[in-house]
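Trainee: I've just opened this one and could use a guide. Can we walk through it together?

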Amino acid sequence: MRLSIQLPGTGERVSEIMIEEGAMGRVRGDLEVFLGGRKAFWIWDENVASIWTERARGLGWPVQSRDGAIRFRFAESTKRLAGIEMLARELIRAGADRGSGLVAVGGGVAGDMVGFLAAVFMRGVPHFQVPTTLLAQVDSSIGGKTGVDLPEGKNLLGAFHQPRAVWIDPRFLSTLPPREMRQGMAEVIKTAMIGDEVLWRFIESHSDAIRRREAESLARVLSACCLFKAHVVEEDEKESGRRRVLNFGHTVGHAIEKASEYSIPHGDAVAMGMMAATSLSVSWGRFPSSDLARLERLCRAWELPTRIPAALTPGTILDALSADKKRVSGALHFVLPVSIGKTVEVMDPDLNDLEQVLKSLAG
Ligand SMILES: NC(=O)c1ccc[n+]([C@@H]2O[C@H](COP(=O)([O-])OP(=O)(O)OC[C@H]3O[C@@H](n4cnc5c(N)ncnc54)[C@H](O)[C@@H]3O)[C@@H](O)[C@H]2O)c1
Ligand SMILES: [Zn+2]
């Protein structure tokens, strides 16, 4: 499947998205076309390089351009400005210039960092993504949000910089640990809940096939999620309206991550956040409780938590929420489902109602 993102007013395609088995084998050739002979530097997640370099050679896939490849230990702990400086210096030593293209090969951390590096390197160079985790394939590689963390919080330094192309190869998922599959599935379930009832039913009936990484099921999930995200980004690149729908489950989810001092992984926190937002909707009579039970079953099928650990009291979560509210925009935007595949946005919901919901989810 081939998709493109076309931003209004620009009249041109900013991102090409290719989703297919073996897409990785085309990267080098496609890059030469995109860059018209200018240099390309592949930047690999160290871990992915060690798992995939030999495998890729065995499949006949090129793993670097003629200009070279670098490896970096991408992790949330190295997603910092210091990492950007190290990478930039390494690129300069390798001969990169202002026409060079940068290619991220790895998960969301690699994509966010290489994208940000590309936004600032020599005042901006093109970048390309080869996402290798489920989360990166369905979410972070699309849409052009790039950045690094500060000790004060995640993704606080960043830029919008759309990748020129994204090659999504489901084969990479064959080596992804189950824990990372689960984290990505939280975003897949989110996508289905906010915009794709057909995808929802597909995941309900094909979770085992997806868990076994069966090619057809993966292709279906990846294309549905990318199609949805690409549409949303086209409508609202900079998140002033429509793109906020992608935050379903994330308002409470981020507060939970923060209140747990980031000991709870993002996907787990999003699952709890989706349960909270959906329960709030149910408590207002705006969402059927039988469908809340379906969300709960689906999360459980993926071993995603549906209850909030007792140590995280509603008070600590609400405190983290209000800190976010001050920092972000002065208002809490809540995305609430009204049916599977459809949401509404509610500003500043009654926090007493939310507190009741959080109490009911304590487990
Ligand atoms: N830009 C966006 O729109 C956006 C959206 C969501 C998340 N994010 C960011 O994405 C990051 C999380 O991304 P992630 O979940 O991909 O984490 P990650 O990049 O840390 O990857 C998770 C782990 O999987 C390993 N890995 C990657 N591909 C593999 C493969 N094919 N086989 C085996 N192991 C593999 C990595 O080495 C790493 O250890 C966060 O920093 C988050 O802020 C960005
Ligand atoms: Zn997320």
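Trainee: How many helices and strands does the protein chain have?
Mentor: Keep in mind that this is a predicted model, where local features need pLDDT of at least 70, side-chain atom pairs count only at pLDDT 80 or more, and totals for chains, interfaces and linings use all residues. Residues are numbered from 1 along each chain as its sequence is written, chains are lettered from A and ligands numbered from 1 in the order in which they are written, and side-chain values use heavy atoms, leaving out hydrogens and water. Helices (H or I, at least four residues) and strands (E, at least two) are DSSP runs numbered from the N terminus. The protein chain comes to 13 helices and 11 strands.

Trainee: What share of the residues of the protein chain is buried?
Mentor: Buried means under 20% relative accessible area, exposed over 50%, and partly exposed in between (1.4 Å probe, protein chains only). Out of the 363 residues in the protein chain, the buried share is 55%.

Trainee: Is His250 buried or exposed?
Mentor: Let's set it beside its partner. His266 has 21% relative accessibility, so it counts as partly exposed. His250 has 7%, so it counts as buried.

Trainee: Which residues does Ile17 touch?
Mentor: Find Ile17 in strand E2 (residues 13-19); its relative accessible area is 1%, so it is buried. Ser4 is 13 residues away from Ile17 in sequence, and their C-alpha atoms are 5.7 Å apart. Contact means heavy atoms within 4.5 Å. Not counting residues up to four places away in sequence, Ile17 touches Met1, Arg2, Leu3, Ile5, Ile142, Val166, Ile168 and Ala230.

Trainee: And which residues does Asp112 touch?
Mentor: Asp112 is in helix H4 (residues 108-120), and at 12% relative accessibility it counts as buried. Leaving out residues up to four places away in sequence, Asp112 touches Lys79, Ser140, Lys145, Thr146, Gly147 and Asn155.

Trainee: What is phi of Glu261?
Mentor: Most residues other than glycine have a negative phi. Glu261 is in the loop between H9 and H10, and its 70% relative accessibility makes it exposed. Its phi is positive, near 50°.

Trainee: Where is Asp348, and what is its phi?
Mentor: Look in the loop between strand E11 (342-347) and helix H13 (351-361). Asp348 has a relative accessible area of 38%, so it is partly exposed. Its phi is also positive in a residue other than glycine, near 40°.
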